[in-house]
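The sequence and structure are shown below.

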Amino acid sequence: MTVPLLFVVSALTFVLVSLQPGNAAQEILGTTASPQAYAALERDLGLNRPLYEQYWSWLGHAVRGDLGQSIFTNQPVAEAIGQRLPVTLSLLIGTLFVSVVIGIGFGVFSALRGGAAGRAADALALIGFSLPAFWVGAELIVIFAVWQHWFPATGYVAITASPAGWLRSLVLPVAALSLYGIAAIAKQTREAMLDVLASEYIRMARANGLSSRAIVFRHALRNASIRVVTVIGLVAVGLLGGTVLAENVFALPGLGSLMVNAGTQHDLPVVAGLVVCFTVVVVAIILLVDLAYLWLNPRVRLR
Amino acid sequence: MTAVAPVAAPATASSSGNPHFLRRLLRRPIAVACCAYLVLLIGVAVVAPIAMPSVSTQDAGNLFAANQLPSWSHLLGTDTLGRDVLSRLLVGDRVTLIGVAEALVVVLVLGVPFGLLAGYVGGWTDRVVIWLADLTYSLPAVVIIIVVLSVFPSSMLAAMITLGVLAAPDIMRVVRSATLPIREELYVKAAEASGLSRAYILTRHILPRIAGVVIVQASLLAAVALGVQSGLAFLNLLVAAPAPSWGGMVAEGTTVLLLHPWLIIPPGVAIAVTMLALSLLGDSVRDAAVESWSAPAGAKRTAAKRAPATLAPASTKTDIPNDPRLLSVQHLSVSFPGQDGYLRVVDDVTFTVAAGEIVGIVGESGCGKSVTTAAIIGLLPGKGRIDDGSIWFGGSDIARASEADLRNVRGRRIAFVSQEPTAGLDPSYRVGAQIEEAVRQLQHLSRPAARARTLELLRDMHFADPAAVAQRYPHELSGGMAQRVAIARALAGEPELLIADEPTTALDVTVQAEILDLIRELQLTRQMAVLIVTHDWGVVADLCDRVVVMYAGQVVEQADVQPIFDAPLHPYTEALLASNPHFAPEAITLPTIPGTVPPPGSWPAGCRFSARCRYAVTACAERAVAIEAPNQAHETRCIRYAELVKQ
């Protein structure tokens, strides 16, 4: 499904972008240039060719790893993506890590405790779903960067430049983005744990004297995690949209901010390259989820 | 398991679209508050831009009054350009709600009909819907919307339609799964048979039933749409300045975070409260709908809890036994929460099991057999509790034992085997690993020693190739194999007593005999006592030394096996024996016991069997019948047992 998906998505991007009123030549030259100047630039950029030709030549290069170059900066698209990918991946992986650890921890805790802890989990889920990440990010900047100077307000430090600085630059954006993931994962973990804890094999494990620790972690959590993994995949895909916003709030030079710029500038090669890149990331996430699912669930493995 | 929810009312298939549902929803204060808030928002969206026409074109207000905190003249302060924050917030409400409505309309128009069709018609429609749903999961929605917005700059309509199209397969899938079971229901089949058109059946019969599901999904999707709308507005991709939108106001605020941090609070709170209202409304609708689909399910989800505090410290009825019995259950009473308080399910049950003895508990379903055994190991399902009585085991009363003390009994001294062997094993681990885990925990063996012991246990279960069986997962075993594995695990701690709750009920007849032979053999070789719950007299005859007959939560007769078969002293035992295929003469219609066991809560005051008893006289129903012991070790709860013997 992966290859046709990439094919369809990139073709769709070309069609969509070609529908736009005005093209990159007009964006570059503004509205005051002469018609001759437009025509010359269009020829240079290859914009006068029919769309399918443009797409075909793009595709021919793309399969060889050449995604063309930005109309505005002339930077090769693959290079631009390569520079910015670590930022977005840091954000994505950091957020997923925090969401999974805290979400599962909280979900298990509230499933075991019930009562007040259960209500707290429900309330947390509601709050996590309701607070928009870009706004939480802005509030975090006010509190932890403006009032308390604990973390930098904006910007990104490469891990190769300074691991500590990298970590500090990620804390606030990861915190803002994690809220949703924690809420979704905690809710699913709690529900899955409650279902599994009520199952016959847990009752039998208890009846035959297994320790609570083995029952909760080896048996209940292992089986509940099959359902949690699905939600983690959904959260990860949803986070790609979140990173676009977070990169904007925290001025992180990632793929999302590149996307917003390229989109508003009609920079077709960059947009198309980014769409392909995002789709590859999603496909990778889905693949990882499927692998985790296979690993966790022997009943599926054998079919 | 007959113990679960003894009073669970049949799920009433009432429609979620009926007036009761709405009334139930309106009885929830949270739902009412959410609806009121949303109606208010819609009102503001209609009125505010009309009442304050200049706000959406106002580039700047009073620049001398810029960046003010809330005051009486500006209730929410002013922004960097001196404009009143409150009026911008109110006017910006409209564009926010329009965006949500656009996405919602697209989602519903695409999602509901196709979901209905997929669920109702099935076939290739169904496959296409599932495929589309899978496909949209692999699309990064926000990224695609940004591409669309680069083509249609600042077109909220284009953005929200795209969101709707991307979200529609999700609701298609939900509607489809809600429709599938309804399609199979009788009244739909009847409507089809009477020649009503598909369109009529879909709109008049099925749509009202799935309305609850659709409302839940719609409110959750509205929350998502609001998040996306405000996020895109925040990126300045949707609404051209100076027109206000909530997301745009947050964006304006972030440019002056250092100077005026207050500015982002009003629009942020407005977004958050609206999303909260939508999510809460969805939750309330779901809860109200669930309530109408099933009776309040008691405490299905709360972990089993013993309530030692509610148990009298040592009731006067309890005699401390000084006999050599291994297990002595004395006056045990158990109840479960019902609709109106706790309901007695097991009532004053007394019996004993000696070391090395095999005792059977027989009776029809719903007589309290399984609950009694669950109470012994302290694992009553749900919120079941021991009201009274004691369970003496090895010199201590385990009815009053703490969870920690019970853990030292379970597995190590009393082991348990259930009637669902496959469901009783963890599906995620190989069975060898599960036995090994029990061996290691219960016997504190090293890993290699535990592995050897596991194979030994499996060999004792007559597996020809224990190593191969150990490598299998529970779902790769037949029922009989799984039961033998379950017994192997139960024996890991060398227990003195094995409780087997209908161990052969789910198995084929030939396999049943194997398991029974195995249990007898293990009992002989290990000198282990066995308490076996069954409703099969063949099992009793084959295996048991003594038998306890239970009816409607009580012991009605108990004795050694031979006297019971030769001369039962209770009409219920007699009737059960007569209705048993093992002992009925051939070519005769098998007699059945008329009527059913009275459920807990409706037990008669007198003899509980009297309504179904062919020997019943008026005196039987008058008052509770006590246990009597006419012979040595033969007890009965019947006032007419003497006459029964003569007949």
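## Strand pairing in chain B

Two strands are said to pair if DSSP finds at least two bridges between them. In this predicted model, strand β4 (residues 385-393) of chain B is joined to β5(B) by two bridges, and these strands run antiparallel. Within β5(B), B:Ser396 is the bridge partner of B:Phe393.

Both strands belong to an open sheet of four strands in chain B, ordered β2-β1-β4-β5 with antiparallel pairing. Its edges are formed by β2 (341-353) and β5 (396-397) of chain B, each of which pairs on one side only.

## Packing of two helices in chain B

Helix α6 (residues 156-183) of chain B packs against helix α8 (residues 198-234) of chain B at an angle of about 155 degrees, and their axes are 10 Å apart. Angles over 145 degrees count as roughly antiparallel, and α6(B) and α8(B) are therefore roughly antiparallel to each other. Their crossing is right-handed.

Residues making this contact include B:Leu163, B:Ile171 and B:Val175 of α6(B), together with B:Ile210, B:Val214 and B:Leu221 of α8(B). By class, the contact of α6(B) with α8(B) comprises 18 nonpolar residues, three polar and one charged.

## Contact between chains A and B

In the contact between the chains, 57 residues of chain A meet 61 residues of chain B. Helix α10 (residues 212-249) of chain A supplies eleven residues, the largest share of the side of chain A that touches chain B. That side of chain A has 37 nonpolar, 14 polar and six charged residues.

How values were computed:
Residues are numbered from 1 along each chain as its sequence is written. Chains are lettered from A and ligands numbered from 1 in the order in which they are written. This is a predicted model: local features need pLDDT of at least 70, side-chain atom pairs count only at pLDDT 80 or more; totals for chains, interfaces and linings use all residues. Two residues are in contact if their C-beta atoms, placed from the backbone, lie within 7 Å. Ala, Val, Leu, Ile, Met, Phe, Trp, Tyr, Cys and Pro count as nonpolar, Asp, Glu, Lys and Arg as charged, and the others, Gly among them, as polar. Axes are lines fitted to C-alpha atoms, for helices over the stretch in contact, and angles run from 0 to 180 degrees between N-to-C directions. Angles under 35 degrees count as roughly parallel, over 145 as roughly antiparallel, 65 to 115 as roughly perpendicular and the rest as oblique. A crossing is left-handed if the near helix is turned anticlockwise from the far one by less than a right angle, and right-handed if clockwise.
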